[in-house]
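Work through the exercises below with the sequence and the model at hand. Each task is followed by a solution in steps.

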Amino acid sequence: MKIIQWGFIGCGEVTERKSGPAFSEVEGSSVVAVMSRTEKHARTYAVAHGIKKWYTDAQELIDDPDVNAVYVATPPSSHATYAIMAMKAGKPVYVEKPLAASYDDCARINRISEQTGIPCFVAYYRRYLPYFQKVKDIVGQGVIGKIINVQIRFAVPPRDLDYNSKNLPWRVQRDIAGGGYFYDMAPHQLDLLQDMFGVILEARGIRANRGGFYEAEDSVSACFRFENGLPGSGSWCYVAHESAREDCIEIIGTKGLVSFSVFDYQPIRLQTSKGEESITVPNPPYVQYPLIKNVIEHLQGLSVCTCTSVSATPVNWVMDRILGKF
């Protein structure tokens, strides 16, 4: 494939702020069609972004002969369905994270990808951002010595939409998102750590609903162990007081520690016997650009992208274990 012509299934907020424009900035790539179940939304998005075709039916978009690759940007409950439809039609897929709403659905996607030989990529774009690459370099170069422990700490207040029980956001509806905000946000943290330290082989958790705004869990505590024996733990709260707000991963080594945020991109903090250093690393305007560029170059035969559905599946396994799904 030399010219990649994308069809978007879903055209929500993520395509506006993080990913959409990047598909047209990479040489040999363009967006030729978009789909939304709402006709007005699909048409408006297409006109606003100069996209020639719009659909309200996903199968019609997938069957469009001008579309040779598909971006699935819908809520997780439909990821498996759309990804499998595209792969069975012989079209590579780029899927928003998490890969699916359950580990079982991830396995289905991987099975079809293997059977068809069609690749499925996943939007764990933080692996590719300069900010996190810097953290990975610090760890890999042994700056803080042998890694002995990893800790995730995350706390935010409820969002304004959480107070409207009659119109709750899809991210807190289990049947759509796979869980609450934990299932929506923790994937990025867990994927980054598994990219650095290998697959998590053991995980257990305690989940609770302390705020009462919705039925899904809003507070989660967990412990886990990587394949190299490294232990880790995490604490997530989505109904915290403003004063308790925190976004931090701390990697502790025998010669120091490095801590960083996953969503706020605060300066990386490095502590060793030499003292404390604050490191600022800017990211590109469209944060998915580095990964999307790698995906497109993979499809063009110019490089290899390892951010596949197979590499993304362990995240869902860990989350499902923590939430007691199996």
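**Exercise 1.** What volume does the largest pocket have?

*Solution.* This is a predicted model, where local features need pLDDT of at least 70, side-chain atom pairs count only at pLDDT 80 or more, and totals for chains, interfaces and linings use all residues. Residues are numbered from 1 along each chain as its sequence is written, and side-chain values use heavy atoms, with hydrogens and water left out.

Step 1. On a 1 Å grid over the protein atoms alone, a pocket is an open set of points where a 1.4 Å probe fits, with protein on both sides within 12 Å along at least five of seven lines; lining residues have an atom within 4 Å of a point. A volume is the space filled by probe spheres set on the points, which are joined across faces, edges and corners.

Step 2. For the largest pocket the volume is about 1100 Å³.

Step 3. Its lining has 36 residues, and the closest to the centre are Glu13, Val14, Ala73, Trp170 and Arg171.

**Exercise 2.** Find which helix gives the most to this lining.

*Solution.* Step 1. Helices are DSSP runs (H or I, at least four residues), numbered from the N terminus. Two or more lining residues come from each of H1 (13–25), H4 (79–88) and H8 (181–197).

Step 2. H1 gives the most, with four residues.

**Exercise 3.** Which residues does Phe197 touch?

*Solution.* Leaving out residues up to four places away in sequence, Phe197 touches Val139, Ile147, Val150, Phe226, Glu227, Asn228, Leu230 and Ile251. Contact means heavy atoms within 4.5 Å.
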